[in-house]
Amino acid sequence: MSAALTGATIDTAGPASPQGGRTRRTTPRNTLTPGAGVGLGLAMIWFSLLVLLPLSAIVARAASGGWSQYYTVLQNPQTWNAVQLTVTQSLVVTLINVVVGTVIAWVLVRDRFWGQRLLNVIIDVPFALPTVVAGLVLLGLYGPNSPIGVEWAFTPNAVTLALAFVTLPFIVRTVQPVLEELDTDVEQAAASLGASRPTIFRRIILPSLVPAIASGAALSFARAISEYGSLVLLSGNRPNQTEVVSVRVLSFIENGNYSSAAALASVMLFIALLVIVVLDIVQRRVARRG
Amino acid sequence: MSIEVRGLNKKFGDFVALDDVDVTIPTGQLTALLGPSGGGKSTLLRIIAGLEKGDSGSVNIEGTEATHLPPQKRNVGFVFQHYAVFKHMTVAKNVAFGLEIRKRPKDEIEHRVQELLKLVHLSQFSHRLPSQLSGGQRQRMALARALAVEPTVLLLDEPFGALDAKVRKELRDWLRRLHDDVHVTTVFVTHDQEEAMEVADEIVVINEGRVEQVGTPDQLYDEPANDFVMSFLGEVTHLGGVSLRPHDVEVESSPHHAGSIEGTVSRLVRIGFEVRLTVLTVDGEEVSVVLTRTHARALGLEEGSTVFLTPAAGATVIPRMAVAG
């Protein structure tokens, strides 16, 4: 076939760029118009007042005690257990959400069934509900004398349950719009090239969803490690068993131990940053691979 | 042989997209499915590809009964109007996709991808992402991707519809030459009669879910089966109960021919070498006429002149139907 193919010619239209040009990201030069300058300034001031300054203050306060401060705080077995519990449960719940959230988003976008619109609205309820109420709701079903025979309240399972409840909408809501925008032409193109349904999902759909899944996962994890309200009722805050970091921080503060509270808070800040960065790296990798 | 469609019906709710369609598309040719938007031509193409299922009827591709085969098993190449590129893959990866699915050896894939990219003149773009290509380039990439799996038939759904006029014309010529070299049975959908006439070996005119006529571009233009085909392939006017092309109306300043129809020039527009007349006949009919500048000058035509009209000798003339536009 190839020998005969040289006959057809066409002008290579379109913008030409350096050969083998892979996208290289360059920092854009300063192109701010006066209006944009004001906007950026406002954004930075707002962000600083609300986020940067308070965070810096916490880190500064924690750091004033030196490394030993961190060491002492984490040395405390009760605190260490709380950190472990919080981080593990948040990771577990985020993982569950990655799978379940994507499935729910898929069902909401791709399938047509009775009650779909209702479900679409209800998805946000766990997010909209005051967290204490969320705890109360769960306590009704999974608490003592559970009507379905699952008495998980005041056990580590209660932490999983509560966190899963409050973080449910994040991945659904980040994946849903992306899935809606996804062109079914592309899937059909893959099918006519011989790709099976699972292959199409893995190689065509998933890479498009990964950025959304990753940002949903980051939100979900961040929300999980900071959860307080729903846990107070459901987990019972039993030291070394169901006590999470936010409760621990509160009790530090109640005992007037501000520097320990600050140290623990900045440890959690570091963990949150770490997870967000890792998710971003994973997302870039997967999205590139295809 | 090649693609045989028999008794195909397809409804979307109440809307009849295809109404008992029989059509045979010859092997190795470039065939156009031509018709107005919503006429069912894309649906027919998608059913041939297996992307849509007919309600009844059968599809046979190169002797293989394909009616119930999924798209994966039909070995057809499909090119979409909006390119359907795999956004997250480089140009080379896009083209390699079908071969990777078929688990061909790595070096064979690489070789074939290079060959195809050369064919579509995208060799130097192989490491780019589709978002860095122009529309025409993306469509050429999509074509290379479809050709990579050596399809039995290549189906193109309004392949140049999303491109601007200049690129469209370029790609159209290029598709014709490509087909002359590759000879894969190719079917493309278009609503642009000029595109169909220029590129296709054979044209299937489809309107309101039915095949109106099948034939070569010349056959369709010279011997249209009905008023619809005639009016879809070019301008049509009506004179004394027949439909004919405006340039096939003979204009005279005195009644030389028996049966010529008298009228008055109500409007005269000159566009370059061409003069367009609107003639109001004594029967109250408005007839459009096109003639050359030279001819019009020789006749001394101006608005208000009395003229006598007859169908020119050898003109394509068909009896006028009620629905004529």
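Helix α2 of chain B passes helix α3 of chain B in a right-handed crossing; a crossing is right-handed if the near helix is turned clockwise from the far one by less than a right angle, and left-handed if anticlockwise. The model is predicted: local features need pLDDT of at least 70 and side-chain atom pairs count only at pLDDT 80 or more, while totals for chains, interfaces and linings use all residues. Residues are numbered from 1 along each chain as its sequence is written, and chains are lettered from A and ligands numbered from 1 in the order in which they are written.

Helices (H or I, at least four residues) and strands (E, at least two) are DSSP runs, numbered from the N terminus. Two packed helices are described by the angle between their axes and the distance between the axes. Axes are lines fitted to C-alpha atoms, for helices over the stretch in contact, and angles run from 0 to 180 degrees between N-to-C directions.

| Helix pair | Residues | Angle | Axis distance |
|---|---|---|---|
| α2(B) and α3(B) | 91–101 and 106–119 | about 130° | 9 Å |
| α3(B) and α4(B) | α4(B): 135–148 | about 140° | 9 Å |

α2(B) packs against α3(B) at about 130°. That angle makes α2(B) oblique to α3(B), where under 35 degrees counts as roughly parallel, over 145 as roughly antiparallel, 65 to 115 as roughly perpendicular and the rest as oblique. On the α2(B) side the contact holds B:Ala92, B:Val95, B:Ala96, B:Leu99 and B:Glu100, which meet B:Ile109, B:Arg112, B:Val113, B:Leu116 and B:Leu117 of α3(B); residues are in contact if their C-beta atoms, placed from the backbone, lie within 7 Å. These residues divide into eight nonpolar, no polar and two charged. Here Ala, Val, Leu, Ile, Met, Phe, Trp, Tyr, Cys and Pro count as nonpolar, Asp, Glu, Lys and Arg as charged, and the others, Gly among them, as polar.

α3(B) also packs against α4(B), at about 140°. The angle makes α3(B) oblique to α4(B), and their crossing is right-handed. From α3(B), B:Arg112, B:Leu116, B:Leu117 and B:Leu119 meet B:Ala144, B:Leu147 and B:Ala148 in α4(B). This contact comprises six nonpolar residues, no polar and one charged.

**Strands in chain B**

Two strands pair if DSSP finds at least two bridges between them. An open sheet of six strands runs in the order β6-β7-β8-β3-β9-β10 in chain B, with mixed pairing. Its edge strands, β6 (76–79) and β10 (210–215), each pair on one side only. From one strand to the next the twist averages 15°. Within this sheet, β3 (residues 30–34) and β9 (residues 202–207) of chain B are parallel over four bridges, and B:Ala32 has B:Ile203 in β9(B) as its bridge partner.

Strands β1 (residues 3–12) and β4 (residues 56–61) of chain B pair in the antiparallel sense over five bridges, with B:Ile3 opposite B:Ile61. β4(B) is also antiparallel to β5(B) (residues 64–65), over two bridges; there B:Ile61 is the bridge partner of B:Thr64. The two strands β4(B) and β5(B) form a hairpin with two residues between them, and B:Glu62 in the turn has a positive phi of about 45°.

**Annotated spans**

UniProt positions are given in the numbering used here, feature names are shortened, and annotations may be inferred rather than shown by experiment. In an unreviewed entry, UniProt places "domain: ABC transporter" at residues 3–233 of chain B. That span is 37% helix and 26% strand, with its end C-alpha atoms 25 Å apart. For chain A, UniProt lists "domain: ABC transmembrane type-1" (unreviewed entry) at residues 83–279. Residues 83–279 of chain A are 79% helix and 0% strand, and the end C-alpha atoms lie 20 Å apart.

Methods. Two residues are in contact if their C-beta atoms, placed from the backbone, lie within 7 Å.
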